[in-house]
Amino acid sequence: MTRLLALLFLLLSAPALAQGPDPYAQLAGDGYAEIEAGVAGLAASGDPRAGVILSALSDGRLLVRPSDKTLLIRQATGIVDARTGAPAQDDPALKPVRANNRVRRTIEASQGQLNLVSLDPAKRREAADAVFKARDAAALPALDTALAHEKDAAVKQAMTEARAAVLLAKPGTAEAEKLAAIPAIQARGDGDAMGILRGLGADPSEAVRAAAARGIAAIETRLAILGALQNVWYGISLGSVLLLAAIGLAITFGVMGVINMAHGEMVMLGAYTTYLVQEAIRTKAPALFPWSLAISIPCAFLVAGLVGVLIERFVIRFLYGRPLETLLATFGVSLVLQQAVRSIFGPTNREVGAPAFMSGAFDFYGLSVTWGRMWIILFSMAVFLGLLFVLRKTSFGLKTRAVTQNRRMAAAMGIRTPYVDALTFGLGSGIAGIAGVALSQIDNVSPNLGQGYIIDSFLVVVFGGVGNLWGTLVAALTLGVVNKLAEPYIGAVLAKIGLLIFIILFIQKRPRGLFALKGRAVES
Amino acid sequence: MIAWKTWSSAAALAAGLSLSALATGAARAEETIKVGILHSLSGTMAISETTLKDAMLMLIAEQNAKGGVLGKKLEPVVVDPASNWPLFAEKARELISKDKVSAVFGCWTSVSRKSVLPVFKELDNILFYPVQYEGEESERNVFYTGAAPNQQAIPAVDYLMSEDGGGAKRWVLEGTDYVYPRTTNKILEAYLKSKGVKDEDILINYTPFGFSDWQTEVSKIKAFGSAGKKTAVVSTINGDANVPFYKELGNQGIKATDIPVVAFSVGEEELAGIDAKPLVGHLAAWNYFESIKTPENEEFIKKWQAYKNNPKAVTNDPMEAHYIGFNMWVKAVEKAGTTDPDKVIAALPGIEQKNLTGGTATMLPNHHITKPVFIGEIEANGQFDVVWKTDKLIPGEAWSKQLEGSKDLEADWVKLNCGNYNTKTKKCGGA
Amino acid sequence: MDPPATAVGPANKSKVTGALLYVDDLRVTFDGYKALRGLSLTLAPGEMRAIIGPNGAGKTTMMDCITGKTRPDSGIALFDGTHDLLALDEPAIADLGIGRKFQKPTVFESHSVADNILLALKGPRAAAASLFGWRNRVAAERIDAILTTVGLLPHRGRPAADLSHGQKQWLEIGMLLAQDPKLLLVDEPVAGMTDAETVQTAELLRRIAGDHAVVVVEHDMHFVRALQCRVTCLHEGAVLAEGSIDAVSADPKVVEVYLGR
Amino acid sequence: MTRLIDLKGAIFLSLLAAFCLAVPVLNLVVPEGSGLHLPTYLVSLFGKYLAYALLAVSLDLVWGYCGILSLGHGAFFALGGYAMGMYLMRQIGSRGVYGNPVLPDFMVFLNYKALPWYWYGFDHFAFAALMVLLVPGLLAFLFGWLAFRSRVTGVYLSIITQAMTYALMLAFFRNDMGLGGNNGLTDFKDLLGFNVQSQNFRVGIFVATGIALAFGYLIARAMTVSAYGKILIAVRDAESRTRFLGYRPEHFKTLAFTVSAMMAGVAGALYVPQVGIINPGEFAPGNSIEAVIWVAVGGRGTLVGAALGAVIVNYAKTILTGAMPDAWLFALGALFVVVTLFMPRGIVGTLMEKFGSRRAAATLPPEPEIAPKLAEEGQGS
């Protein structure tokens, strides 16, 4: 009876598929090829359980009982039979059905077909994209049906593109149909579209070839412009990382004149604090995980700031007026801090997770913008403005500037200079710690983390002009953008070398950086 | 004046003390058998090498619990070459000359191995080198327990070309700019071309050590991969740079189903430092995976986690290489009845040791070993799901057949007593 | 005072003015702050001139411009009627025969008093030459003579760092003498000196004038009076008044500047 | 007048001479079984210390006497080392693993067809020796001429010297440079016909390094006690004052910087055959900072102190990396902090201050003025 029903289904909904082997049996099979065939079969069969089973498979929740090759699904409520949905016995012998990339690709394509009629527009959009990628001719009828009912313009466009892609890939499509499909692909205008049009280079029809060539030319122009913009964006993103790394140094080095070689280690401490905060959240309050970075920011500031205050009190305060010796002492401190972290946390990387809002990318008029980078850019700007505010508008900032400009006079006016020194150094270190929170998202959280940024940080501060926060900002962004614009042409290494030589020569031209303060006082 | 005298005599005394401090130690009687461990515990390589030091300490402790070797206890001598290549040579010299070790287990990077090579040759001692490397070398004093390119790179490419692997037609060879990726990519390029892959379908790119801003490179890969043909990335990116690379892959939404990345330097240890969820499905080719279920492996993992006192401690491929190498050395010493390096070197070829992953490794006359090759897909928990393995063990080739300069070379320390015998000219010593 | 109309090039060897120092319409701006606003000054050979003015009047900036430390935005500065000072850097200007003493005494603290003078003595200045050979006995006699003049002979062998503030001032004046310049620019030479020392310094400067032209910048009116020379009063980067000390100090504009508005 | 060889110099030179005599005797003459025998590996180790000491002396010449805190001296050291390494590579000839008579091994497996032009001439020792001096010297001359002429001083100068060595490191890491990339140059066979592994060679090059150190010291000392040296110190203490006296500080500084770089190059050239490898890691900015620390520990502005500091710190490193491999960085880091805090004049400087004359103590240079402070306004008066 069921068999008959299944046959009926097949005849009704899956015209492409003739009666084939049982997909359930194939899914329970051994080889990936067999499992893949099962996935395709199941999707094409129109079986109402197909969606549930496929998503279970892609999540690793589809199980097989080795004794009788029955498929089961692990759900939150317990084990159910895959075929019927009826509850079933749990069994330690159950083994997950394995998926590799090939299987997962087929699942994605199949889910695409199944989800074309989903109620959720986002899902439909995703499904259309999956079909676009898979270009499976079997999806065409479903696509046509879905397209006829689609109301959402964006989804509709995605479906049109998918349909065009399928048509162009399918052998035996009529010339007229192809010519009608090409503009839809051309309008898409990305690398994938270009790939499809390139595939038409060997088309028998001259008209199709010509249309494809025009399409390719149009896309190439568009991509060239987008590529340049994309590089600028990457540059700003790199610049924001440089800014984050350097901005704390702009305080400890730029304002206080301490050549703080342990600055990178402050960044590292910030990153490790993030790790600890996330660990605590994972074990104690998993629900807070999306907020873990926000929670880490004040923690990292405090930890790094506190260490900074300690360094200032125990080492640096004896060295004011001997800036080059601060270099030596803080280099020693950096060795100690690195080894301390290595002893406590081990030499290997620590995992810092990315909250959902930090991962993925979105499309901005053809530019692919990753969320993580965008947040880092916004974050670095916020830190910069915050710091500017503290130094310019608060009484602490006023005292800091007073002390760094004229220690004796400030002391005479009743400012407790040791207190201000310690807090200023703590502020710079704390800012470095905050940078560590952001850098934990894009780099290794290891004892060597700080080493990678220290030289760049110094160069940024010096290039921008010591003691000038705006200079630091402009320098970081300039270096980032120039680096990224040069990178595609001469490669990452030469771009970096070129930049270093540029800075060396630039300093000859303007020995005090981009935004040097002029005047008699600074020259003596 | 008097003060100056005091000072100079103090200096002389200090110099004298230091001389004697350095020179002693040689004279002590040999109650134990000393084994040198030469792995960086600080600097950039500490991240990878520290675990190997611990693994060796565990293996030695275990052997001692079994009664040691030749009735004597083994005594590990640990030094820190601090990721500094000249220091590797200096420390190797110290281990052999001052501490009189019977064998050294150590090095990770090729340059550290190259740096210590002359020392081992000169002082005639044994080095067990546990890391996959670029090949093109076979030395009498070195035993290579890691993979040669034919035991890792070529099987991985074969897999990706197969239908199971996705039938890749277009290739990105992305590597850190140093000798291992350079050589591996040269070999792979030649191999791919021999399989009919065209020039325009191969993109080779190098980045510096510790590279952290991958935006441009990843978008380049993305663009290269959207040309219509199935694309795969072969990554020989070195340690530190991997984490930001994978993070960027995840950020730019490159999924393994679109463009799979197969890596030769990313193992359980490296994955422990990243959130693996966005990486599910990306691949690694190794000769060992922690997830492989064999009784030997399960026991090894249990012991390791107990030794580290950390239930989350992971094992990896170079650790297994040390496991195999160490046990081979023990067997060879027992076979030779002495720790004399010359005798042990002669005894080693032919020694067999069970792999942790099944099968038996054999030390070959070219001082490389036979190994199974596994391809694993990254799982969300940072482990690997083995999706493919060779049906038999693959013998390590010291000299690549794909490279112009080495295709006629052969290494055989048993019959030919030569590491670079030229089969064309029938002479030892290269071309 | 007729300003030269033509620019002074190297080809133009003839003197365009008989003045030793001719400065006209110097303008300097620091980050929007106008330090000099059209300052003009003429000094005859061997003349002594005192320059006074409140803080911020541009006294030191003027010296900076003459000695090549600061490049003015516009203006003319001629030395000896032939040399365009604005085109030269400090060593070249020093070579022409302009010596300078800083407001804060600047001596080589690690060197002995005698070595300080030795380094200042007229002679070749090339690096390569200095590697070989040391100055001869004639130099030693000259050093002693200068040290006698500035009263530091007993301190000959002491490190300059050990000298008192006033002694350092004198040492620096001694160094100027050793340079044997045509023009000495002396910035606040008696700051931190006792009254007796001030008197001695005034005497010393008077003795120097005649052989050398001297420009003295000073706040101390008693000292300026003791110099018995022409006085120029600067205010806000330009000349406010010029004349004898009595004439200038009686000038209502000067009084207003000094006593406040 | 200051003599060429003062008391501390005499002590230093005689100690060095004694050391250079004792080591060969203890190694070559005393039989191996004897308790007094010095193992060959220690000879090379001491040779390495002496090469570092020469580097430290060269650094002290510019930092101690001229106020140029170079954070890039490791670059000159490495360049000298590379010049020597290239000669040693060419000496391998057909004994490489591929047996190519012209191309070094790394070129063979990177498919080089012919020797790059900049390798020409390095098969002759005299040429290589010339390059050991010329390459670092030329770079230093160019760099110094540019930087000192534009009056780049203090921290700015330090940072750009660091940028220089960093850029060179990145460049040398590139395999396309044709200098062996990350692996650098290694597997040397012989130098001037002597096997570099042999005991006699090791003793010989140790003595040669000792002699080079003595010469380096004497050259630096001669420079600093001459009129030139007095002007150099004057430049260090009050650069603008010298300018108003008619001196051109940039000439004095460039000369010192160039001589110092050449000295560092020689140190590198002597270092390479003893450690058996040269690679881009030597350009790492950390190495240069470490060299500065040797000078600081020993006492800057004393030359002898610089040499002593290099030996002491490296000796401590050797002992500590073996004795406490997991914690030696704590000890080293603490040493740097303690020395800067409690012995700002370094070991020799402190001893001189305590026992020597006031005169000697006064030679401690003042710190150059640090960069401008935030929002400082210019003002005329």
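View 1. The UniProt record, an unreviewed entry, places the feature "transmembrane region" at residues 232–259, 288–311, 374–391, 458–482 and 488–507 of chain A. UniProt positions follow the numbering used here, feature names are shortened, and annotations may be inferred rather than shown by experiment. This is a predicted model, in which local features need pLDDT of at least 70 and side-chain atom pairs count only at pLDDT 80 or more, while totals for chains, interfaces and linings use all residues. Residues are numbered from 1 along each chain as its sequence is written, and chains are lettered from A and ligands numbered from 1 in the order in which they are written.

View 2. Residues 288–311 of chain A are 83% helix and 0% strand, with end C-alpha atoms 33 Å apart. For residues 458–482 of chain A, the end C-alpha atoms lie 17 Å apart, and the span is 84% helix and 0% strand. Helices (H or I, at least four residues) and strands (E, at least two) are DSSP runs, numbered from the N terminus.

**View 3. The contact of chains A and D.** Of the 5 pairs of chains in contact (C-beta atoms, placed from the backbone, within 7 Å), chains A and D share the most contacts. Chain A contributes 47 residues and chain D 46 residues. On the side of chain A that touches chain D, helix 14 of chain A gives the most, with 12 residues.

**View 4. Chains B and C.** No contact joins chain B and chain C. Their closest C-alpha atoms are 21 Å apart.

How values were computed. Contact = placed C-beta atoms within 7 Å.
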